[in-house]
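Here are a few notes to read alongside the model.

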Amino acid sequence: LDIDSISDVAMSNFERGVSEILPPVAGSIKEIIDEYKIEVKGKKVLIIGAGLLVGMPVKILFQNLHADVEVITKEINDLTPYTKKADIIVLGAGSPGILKPEMIKEGVVVFDAGTSEEGGKMIGDADPNCASKCSFFTPVPGGIGPITVAILFKNLLKLSENR
């Protein structure tokens, strides 16, 4: 069972809108968007990181929600010209503190799905001080992670029922 929805077939089905499950991180972000009624349509979304678990599925999610989506990688030397224009930023680079408060505009929505371990502590890609400028901010730990675990179990149940 592909509960992570990362196989080529699963990703293709998700992209075409025919998947019976959502990739876990994309599903977590969708749950948050729905619960907190975050406006996405027409918004400028910046995704930092292009991986299979965060970047690719989240890109598809936001495209399907009719947002203006741009994906960049942490290899870009200066992220600020990109981050300053974004209405919504999704982090999945796995680079601790790569996003700083001075790099974002007031009222931005930040979904931090990038996790790393530093000094025995789990930390995210966003400096926690970014929260003071955000209209919505998911912390690490305790933000997207627990919802992602719930989505994994939801996917397992759904796929198991259909076997």
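1. Start with Phe111: its relative accessible area is 0%, so it counts as buried (under 20%, with exposed over 50% and partly exposed in between, 1.4 Å probe, protein chains only). This is a predicted model, where local features need pLDDT of at least 70, side-chain atom pairs need 80 or more, and totals for chains, interfaces and linings use all residues. Numbering runs from 1 along each chain as its sequence is written, and side-chain values use heavy atoms, without hydrogens or water.

2. Phe111 is among the residues with the most contacts inside the largest nonpolar core, which has 25 residues. Such a core is a set of buried Ala, Val, Leu, Ile, Met, Phe, Trp, Tyr and Cys residues joined through side-chain atoms within 4.5 Å. Helix H2 gives the most, five residues; helices here are DSSP runs (H or I) of at least four residues and strands (E) of at least two, numbered from the N terminus.

3. Now the rings: Phe111 and Phe136 form a tilted pair, 6.1 Å centre to centre with 50 degrees between the planes. Rings of Phe, Tyr and Trp (its six-membered ring) pair if their centres lie within 6.5 Å; under 30 degrees is stacked, over 60 edge-to-face, the rest tilted. Phe111 sits in strand E4 and Phe136 in strand E7, so the pair ties together parts 25 residues apart in sequence.

4. Ring pairs also bring Tyr36 into a cluster with Phe111 and Phe136. Tyr36 is exposed at 52% relative accessibility, whereas Phe136 is buried at 18%.
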